[in-house]
Amino acid sequence: MLKAAKAAGKTATLERLAEDYPKGPHDQPQSMCPAFGSLRVGLRMRRTATILSGSACCVYGLTFTSHFYGARRTVGYVPFNSETLVTGQLYEDIRNAVTEMADPEHYDAVVVINLCVPTASGIPLDRLPREIDGVRVIGIDVPGFGVPTHAEAKDVLAGAMLRYARAEAEQGPVQRPRQKDGQDAADRPTVTLIGELFPADPVGIGALLAPLGLAVGPQLPSREWRDLYGALDCRLAAAVHPFYTASVREFHAAGRKVIGSGPVGVEGTADWLQSVGAAAGVAEATIDAAKTKVLPAIRAVLEANPIKARVTVSGYEGSELLVARLLAEAGAEVPYVGTACPKTPWSEADRDWLAARGTHVQYRAALEQDLAAMRDVKPDLALGTTPLVQAAKEEGVPAIYFTNMVSARPLFGPAGAGALAGIVAAQTRGRERFRQMKGFFGDIGSGDSAGYGAQPAAQGGD
């Protein structure tokens, strides 16, 4: 497919994807289809229509997953067959579908996503009209052979939208973001948070920024097109999730500074506030006063909720290093962190902090590496992906799914400081129960006893 896509004129697109999202030990994703990330970003935005162009089985899986994760929005689909694909009729069908969907009464933008087969066939979404009746048209290629993780596919769409919005803002006045109840961000310079965060986290980060005279602006990925303008209209951006390469490029093009890491624990929050204050031009005395105000509360929560356990961390969300920092500050031993995301400048401070404390950080971690680390370390608790959690439990090691259990809790400020202690304590208490179950069932469920039905015939039997 990669060779076919290049032969079909997609070389420039694939080179950009390879530069933004360099591959790791595998030439294809080990997680869900990457296009889910872009689909998720589009489906979460108001007044945004999303159309998929790909094989029917792929579209079914993506729509099923999107609705499983709470999307209550129709997903458009442009079917094709060999004839429409080869003759170029598929492009015309996509153009007709976009024209039909582009109703300014209902939509600000229509997003079209090429999956693997249309990308490999060279379907030129860049030739679609930039807008129809005032409705913006965004066409992107998100092939599994070009984007390593669904997390990074969020950046493919977020970056494309940000680029479009930046061009609009450079041409003249644009819509103001909706003012939230009680929001006073218009009175203070803002910080744009980059990454999908737990809903309470932006509020908590806002409380940390207030003593610096700053506020949290519209987040990226955004929930509405007009929020993109607000995201760009910031004093600086914070790449809390460090893999949004295309989006960071747009902030730099807009003349905005971008910092990395996030306010986790005492040391992490102190370092982050220092970075924010310096980038925003805040006086050193004000930064010190902000630290004095917010750090004691975080320290008190950590001391009240110590974690005494050996924990390994694996995932593909992009927040794995931040979670490991928080666990370590709470007293946990964290010998290994594996993230499916690549090494970027915006996670370098977290990597250095962890490495100084003996933690091995594996970027572009493969499942095989996560499994090897879990078996070598023998942790009290493994945080990881579904297959790692399954393997850990088979070996009697308590484990929980990072996305559903860890990402569904606050991570920053005082709220984040106490969020993980409870689940670590609850899960590690179950280790003896796992040991008993493993002892009781023995080897049932493995080898010849894994299936149901006829058993191998006895040697010499009738």
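1. Two strands are taken to pair if DSSP finds at least two bridges between them, and strands (E, at least two residues) and helices (H or I, at least four) are DSSP runs numbered from the N terminus.

2. The model is predicted, with local features needing pLDDT of at least 70 and side-chain atom pairs counting only at pLDDT 80 or more, while totals for chains, interfaces and linings use all residues. Residues are numbered from 1 along each chain as its sequence is written, and side-chain values use heavy atoms, leaving out hydrogens and water.

3. Strand 6 also pairs with strand 7 in the parallel sense, over two bridges, and Val 191 has Val 216 of strand 7 as its bridge partner. From strand 6, Thr 190 and Thr 192 point one way and Val 191 and Leu 193 the other, and all are buried (under 20% relative accessible area, with exposed meaning over 50% and partly exposed in between; 1.4 Å probe, protein chains only).

4. In helix 9 (residues 201–209) the buried residues are Asp 201, Pro 202, Ile 205, Gly 206, Leu 208 and Leu 209. Seen down the helix axis they fall within an arc of 160° (taken from the directions from the axis to the C-beta atoms), so they line one face of helix 9. The face turned away from this buried side carries the exposed residues Val 203 and Ala 207.
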